[in-house]
Amino acid sequence: MTEFFHSCTTNERKREIEELLNNFAQQMGAWRHCLYFLSNTRNEYVMMYSLTVFENLVNKMWLGVASQDKMEIRSCLPKLLLAQYKAMPFFIRNKLCKVIVDIGRQDWPMFYHDFFTNTLQLIQSPTMASLGLVLLKTTSEELACPREDLSVARKDELRKLLLEQVPTVLGLLTGILETIWDKHSVTAATPPSLSHLRRNLLQGTHYSKLLSQPIPALDDASQQLCSLALECLAHLFSWIPLSTSITPSLLASIFHFARFGCDLRMGGSGQVDRSRLGVLAMTCINELVSKNCVPLDFEEYLLRMFQQTFFLLQRLTRENNAHTVKSRLQELDESYVEKFTDFLRLFVSVHLRRIESNAQFPVVEFLALLFKYTFNQPTHEGYFACLDIWSIFLDYLTTKIKSRLADPDGVLNRYKDALVLLLREVLNRIQFRYNQAQLEELDDETLDDDQQTEWQRYLRQSLEVVVKVMELLPSHAFATLFPVLQEDLDVYLGLQQFIVTSGTSRRLNITAENDCRRLHCALRDLSSLLQAVGRLAGYFIGDVFAARFNDALAVVERLVEVTCYGSQISLYDLETAVPSVLKPDLIDVHAQSLAALQAYSHWLAQFYSEVQRQNQSRFISLVTSTMDATAPLITAKVPEKLLLSACHLMVSMATTVRPVFLVTLPAVQNIFNLITESQTRRLPQEAHMLVCRALSNMLLLPWSNLPESEQQWQTRSSSHASLLAALTRHYRLLRGTANQPPHRLGLEDTVLHQTLPVLRDIVDSISGESTKSRQICYQSLQESVQVSLGLFPVFIQQPDVTDEMLSFFLTLFQGLRVQMGVPFTGQIIHTFLSMFTREQLAASILQEGSAGCRVVEKFLKILQVVVQEPGQAFKPFLPSIIALCMEQVYPIVAERSSPDVKAEMFELLYQVLHHNWRYFFKTSVLASVQRGSAEEAMENEAQFSAAMQAFGQSFLQPDIHIFKQNLSYLESLNSKHKLYHRKLFRTSMLFHFINVLLQVLLHKSHDLLQEEIALAVYNMASVDFDAFYSAFMPEFLNGCQGVDANQRAVLGRNFKLERDLPSFTQSVHRLVNDLRYYRLCNSSLPTGTVKL
């Protein structure tokens, strides 16, 4: 063993030693040698190895061990433990305890009747209590939730036996905690005995006095013992149901130890151990509070627990002269504060609805303490966790007010003060003027998994809370937020006076360091508040539009003013004293003001529809000014962040607000000219796409609230045609290259990659619109589509280009297939089918994760759209589509483990079956029911069988996503078309599928899908339960390897002949579990064993 773990040993030699040791462990008598080693060595490696041999023997080979040997092992190991546990290292002692418990798991109570009583006796012995507790905790872990395979009957028996012991065990643990507390409290002035405390649990003031008694100082042994007792309780609480065996005295004891975390660290290791007791006690409390199912007789206990926690919270947030609340929390153990926050979250999310109406629990005072606790958190993570608790509380209030049972005004009045305070404090926390030190610490560079920086996350979570309060108290929230915004806006709007122009350069004449810092803070705050105002936009529309009109108008007018101001004096262009700080600030404020205005586009749309037939001057001036603010920013010279904000605002004006006069505004005309003139410097791709989308939508989208006759389609159609002609000018010139030999042209590539995404985006944005819009769009696109089809064969060998082209065609099929008409669509499909030969497919698919795979996936997606089309138009393509799938794509992907292309191919198969069921089954469901299933007419049987076989084959492969997807497809075909009831499926496939699914459960290869698999097995079996029980089950059991006839009979008997889903599922899981268990037992028997 020493050689094995020596640093100089080679891997080769380690493998040799490992093989020797494994062979030794497999011998039946090896345990005797190991018992000798354990008794006579101090080498930790040898002891650990010997215990591993015992563990393997008990868990894998126990059935084959002679009963005499078992008795000897059962008696020797506990003796060894008692004799040597003091001298053993902890990890060896714990491992030996686990082996003893493993024996108990197999043999108690029948062959090892004193297993549990021995543990209880140890716990009661003053010198060995800690050993008893280690055994008890291991027993709870290994017997209540057994990890190794046991039969279901044995698992149930163990749980029942343990539950019988729970009251005794809890009594012993209470005794240990009480005794230690009372013994050490003697030193404190007038100690509260625990029995005295219990009587006074519900008399709040008295209890708080007792809770403020000094905490006793524990010696190391007592501390160790209490830790073990609390660890045992935490594990027991994780599985025992709430009941009266969890007595008030036990709860009182746990709460006493929870106080150990509330007191400040005095330094030294003793203090760390003390706060660990607090953490363990809170873990116990959280285990209890996390249970949602509370029996009636336990509700009173819960109330007591919450009152006791309330006192702990008071203690945590108590201010005294020496410490502020924040510095107190900072000095506590971090894990304790974390556990306490977990408790508060569980209390609010699981139990608040139970406790809220109870007069004995002061909910409003609790919220005041939670408020103090939240806003004094020492870490950002702690603060986020507390904000989450407030979010849960606000959701609870919103739901309660919306439910018909509550009295909304009563509820709001009760909590209004708390909400007002919360709103004000959260708003202060996001502003540099109140919270600069903390906010400066937040990182605004590194992106996390959600693609946001720490600062963005901080702001987002804070604004979530602001928005939720706004929903409950709209007018109050607005009155709080708007004045704060105004103050920062005044600073921003006043910057104009500090601009100094010399020659061509413009400079912001604010140079003093202090002034620059104040300006930086004001701009950062303005940016945050603009986001907050944007988030509130949803609360001014719909039914409340008229009631809150003036507030919304004030906001929108102010935002329009700010955006115009920013664009007119182009602050983003200024030279500043601290360019690395102030320049980004000025750009950000400008971008946020545009984004906030964009958020009000739905309000503008509603405003427009309200004033449609009246005086529109106010509305027209808002829209005109908005476009005046936007247009100057749409140029390649503007920083991208600002440019994109302007583009998004323009898209919203064109798409959401849709004013009739938008196209005629001079600012918009300028943008048309900019985009359609070829010599200007091109915008970055994303901005270019957004501007094109906005211009196209202005011409294509129907104007709201106007009849068809007033839509001016004629003019708009010709404008759209000329817009697209300009956008595709270079692309359409590529038509000439279609006849040249395929070669790589850099220019062609660029034109293609620049034009197609723009066209795709234009089609995408009108795909859900009226027929007229789509017709005009297709007319303008027609020539470009034909050019694309001509170019497709030229670029077939260049996957990145083909990918772009197919994305374009996919969007066309999704949005404009009716407009393209059947003949042309047919021509496109025909071209594609002829281009994608088997060789081409193989070449594309075999490069994993490559553009080639993406090309094939897009092609299959196009076919999915085609096969879903109702009517007869595309039915002639079905045979060649199915052939492509089954004869060309499937053989290439079937044997590959990579999921590339598979998911799309199976979805195509599913859509073929689902939307073209009559292609296979001519008769309607009704007819087949009336005539009985005997005459079910079936066509294209070979293709149907091949598709089913492909589905079946996919269940034998490891990819869990494909498995889940395909299982859901089969279930869907069954619920929509009665797949499992069809004669062909029932007679030749049903049992194969059930067999495959049961084997998957047995292999535990797709355990995450256990429930879905069991449900599918039930749906298949329920087609004909009689056949399932009389034919399938006996056949399945006979085919099971590794079990004997007697075990097969037991498995068959235990599978109850039930026909309801819950019982059937239980039987399936039991069958799988017990079959695995029997195989394990049988494989561990020595050869030649006679089984009775």
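**Entry 1: cavities**

I looked up which element gives the largest share of the lining of the largest cavity, and found helix 9 with four residues. The model is predicted, so I kept its rule in mind: local features need pLDDT of at least 70, side-chain atom pairs count only at pLDDT 80 or more, and totals for chains, interfaces and linings use all residues. Residues are numbered from 1 along each chain as its sequence is written, and side-chain values use heavy atoms, with hydrogens and water left out.

I took a cavity as a set of points on a 1 Å grid over the protein atoms alone where a 1.4 Å probe fits but cannot get out, with lining residues having an atom within 4 Å of a point. Volume is the space filled by probe spheres set on the points, which are joined across faces, edges and corners. Helices are DSSP runs (H or I, at least four residues), numbered from the N terminus.

I counted six cavities of 30 Å³ or more. The largest cavity has a volume of about 60 Å³. I listed its lining as F116, L136, T139, S140, L162, Q165, V166, V169, L236 and W239. Helix 8 (129-144) and helix 9 (152-185) are the elements that give two or more residues to this lining.

**Entry 2: salt bridges**

I used the cut-off of a side-chain nitrogen of Lys or Arg within 4 Å of a carboxyl oxygen of Asp or Glu. The structure holds 41 salt bridges. For accessibility I took buried as under 20% relative accessible area, exposed as over 50% and partly exposed as in between (1.4 Å probe, protein chains only).

I noted R558 with E561, whose closest N and O atoms are 2.9 Å apart. The two are three residues apart in helix 25 (residues 549-568), so about one helical turn separates them. R558 is buried at 15%, whereas E561 is partly exposed at 38%.

I then checked E804 and R760, which meet in a salt bridge at 2.6 Å, N to O. E804 lies in helix 36 (residues 799-820) and R760 in helix 34 (residues 746-766), so the pair ties together parts 44 residues apart in sequence. E804 is buried at 14%, and R760 is partly exposed at 25%.

Technical notes. On a 1 Å grid over the protein atoms alone, a cavity is a set of points where a 1.4 Å probe fits but cannot get out, and a pocket is an open set with protein on both sides within 12 Å along at least five of seven lines; lining residues have an atom within 4 Å of a point.
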